[in-house]
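Here is a short briefing for a first look at this model. Start with the sheet, then turn to the pocket.

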Amino acid sequence: MPQDLEKIAAVTLEHYNRHAEDFREGTRDHDVSQNIEALLRAIEGEPPFAILDFGCGPGRDLRAFAELGHIAIGLEGAARLAAMARADSGAEVWQQDFLKLDLPEHRFDGVFANAALFHVPSQELPRVLLQLHAALKPRGVLFASNPHGHNEEGWNRGRYGVYHDLESWRRYLSAAEFVELTHYYRPSGLPRAQQPWLASVWRKPA
């Protein structure tokens, strides 16, 4: 129901606003260079690339894209995190609820959704993926990394999340007309039971 979706968004965003400083400190030193490289390697053409950092948080990866010379724009739902991202990266940051996106069409070479899309309720995910698809240029690339599971959905420590397995995730992305390029589990080099993150790279066909 609409009121349920409003609550999911409001409570999850309030969690991130309340814990913004702790979240920044707790994730500041996370090494996601493997994910950044996976996105950039898949994008065709000559850099600099136009990148949408979807769910950019306090701006760690947004700054990394800018330092690599790319034209990076952040999108973040939590007001305090969006303000941090603007201050720390110097980049443009759009404050938008994931369930109420307003994105330009055919704007981006790549979308980097690191630890973000799992917050989208499963019934809304097809619509959100189609919006990201429309925002990409033809043959643009979507990178996504999410905590995986057995398709559990619900509240977890004050935040709403969906923990897709690979087969479920593939169904959603394929239905949105993305073509899988690769996937891998993180952190690398560990047994699967110690790899909580599923990363995947997808192309929008021409």
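**Helix, sheet and pocket**

α5 lies across β2 (71–76) and β3, and runs at about 170 degrees to β3. Contact here means heavy atoms within 4.5 Å. Axes are lines fitted to C-alpha atoms, for helices over the stretch in contact, with angles from 0 to 180 degrees between N-to-C directions. Helices (H or I, at least four residues) and strands (E, at least two) are DSSP runs, numbered from the N terminus.

This is a predicted model: local features need pLDDT of at least 70, side-chain atom pairs count only at pLDDT 80 or more, and totals for chains, interfaces and linings use all residues. Residues are numbered from 1 along each chain as its sequence is written, and side-chain values use heavy atoms, without hydrogens and water.

**Sheet**

- An open sheet of 7 strands has the order β3-β2-β1-β4-β5-β9-β8, with mixed pairing.
- Its edge strands, β3 (92–95) and β8 (179–186), each pair on one side only; two strands pair if DSSP finds at least two bridges between them.
- β8 and β9 (residues 197–203) run antiparallel, joined by 7 bridges.
- Arginine 186 stands opposite tryptophan 197 in β9.

**Largest pocket**

- The largest pocket holds about 930 Å³ of space.
- A pocket is an open set of points on a 1 Å grid over the protein atoms alone, where a 1.4 Å probe fits, with protein on both sides within 12 Å along at least five of seven lines; lining residues have an atom within 4 Å of a point.
- The volume is the space filled by probe spheres set on the points.
- Its lining has 45 residues, with Tyr16, Phe23, Asn114, Ala115 and Phe118 nearest the centre.
- α1 gives the most to this lining, with 5 residues.
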